[in-house]
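Here is a short briefing on one protein chain. Please read it with the model open.

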Amino acid sequence: MILDYLTAHGNEKATKKIFESIDSGENMGFISTGSFYTIIYLAERFLKDNGMKNPKRLVCLREILTSIIDSLEIVELSRESLLIGTNDIQFKDLEDSCQFQAAKASSCPCLITTNKKDFLQSNSATIEVLTPKEFVKKHLSEK
């Protein structure tokens, strides 16, 4: 969701509304440490591919990452959670499985993803899996 927002892949309006609800204190947002590392790599590559050179690129990357840190709670996974995520046969994508474990570890009622199909086999009785647009429609449209 964050990467789609940063790279403008079609969910920017919904993602912006979600972040506004987090910034206002209406909702809490969480991100796994693993996702944070991935964002560092992909955001820097995106900035570089779009012609931004250092030191400006590094300044911009630090601003993006600081904003994420300031807005979201960072979830670290235990060894046990990583083992469960690695061996959960309901998932074909092990990164998504670990993301699901991070959501469970944080007691998140909802996991927001642009890749919802990879979570179809997950235990959605414990965590609701929604796209950014679905989350906005269901939880933010009346506000």
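Helices (H or I, at least four residues) and strands (E, at least two) are DSSP runs, numbered from the N terminus. On that basis the protein has seven helices and four strands. This is a predicted model, in which local features need pLDDT of at least 70 and side-chain atom pairs count only at pLDDT 80 or more, while totals for chains, interfaces and linings use all residues. Residues are numbered from 1 along each chain as its sequence is written, and side-chain values use heavy atoms, with hydrogens and water left out.

**Overall fold**

- From the N terminus on, the order of elements is α-α-β-α-α-β-α-α-β-β-α.
- The radius of gyration, taken over C-alpha atoms, is compared with a globule rule of 2.2 Å times the number of residues to the power 0.38. For 143 residues a compact globule would come near 15 Å, and the protein, at 16 Å, agrees.
- Along the principal axes, the C-alpha atoms fill a box of roughly 45 × 40 × 25 Å.
- Buried residues (under 20% relative accessible area; exposed is over 50%, partly exposed in between; 1.4 Å probe, protein chains only) make up 37% of the 143 residues.
- Contact means heavy atoms within 4.5 Å. Among contacts between residues at least 6 apart in sequence, 51% join residues at least 24 apart.

**Helix pair α3 and α4**

- Two packed helices are described by the angle between their axes and the distance between the axes. Axes are lines fitted to C-alpha atoms, for helices over the stretch in contact, and angles run from 0 to 180 degrees between N-to-C directions.
- The α3 and α4 axes lie 10 Å apart, at an angle of about 145 degrees.
- Their crossing is right-handed. A crossing is right-handed if the near helix is turned clockwise from the far one by less than a right angle, and left-handed if anticlockwise.
- On the α3 side, F36, I39, I40, A43, E44, L47 and K48 take part; they meet R57, C60, L61, I64, L65, I68 and I69 of α4.
- By class, this contact has 11 nonpolar, no polar and three charged residues. Ala, Val, Leu, Ile, Met, Phe, Trp, Tyr, Cys and Pro count as nonpolar, Asp, Glu, Lys and Arg as charged, and the others, Gly among them, as polar.

**Helix pair α5 and α6**

- The axes of α5 (residues 79-87) and α6 (residues 94-105) come within 8 Å and cross at roughly 140 degrees. That makes α5 oblique to α6. Angles under 35 degrees count as roughly parallel, over 145 as roughly antiparallel, 65 to 115 as roughly perpendicular and the rest as oblique.
- This crossing, too, is right-handed.
- S81, L82, I84, G85 and T86 of α5 meet L94, S97, C98 and Q101 of α6. The contact has four nonpolar, five polar and no charged residues.

**Backbone exceptions**

- Most residues other than glycine have a negative phi, and most peptide bonds are trans.
- N54 and P55 are joined by a cis peptide bond, with omega about 10 degrees. P55 sits in the loop between α3 (33-49) and α4 (56-71).
- S107 is not a glycine, yet its phi is positive, at about 60 degrees. S107 lies in the loop between α6 and β3 (110-112). Its relative accessibility is 62%, so S107 counts as exposed.

**Residues around α2**

- S21 belongs to helix α2 (residues 12-23). At 4% relative accessibility, S21 is buried.
- Leaving aside neighbours within four places in sequence, S21 is in contact with E26, N27 and L140.
- G10 is in the loop between α1 (2-7) and α2. At 42% relative accessibility, G10 is partly exposed.
- G10 and K133 are 123 residues apart in sequence, but 10.0 Å apart in space, C-alpha to C-alpha.
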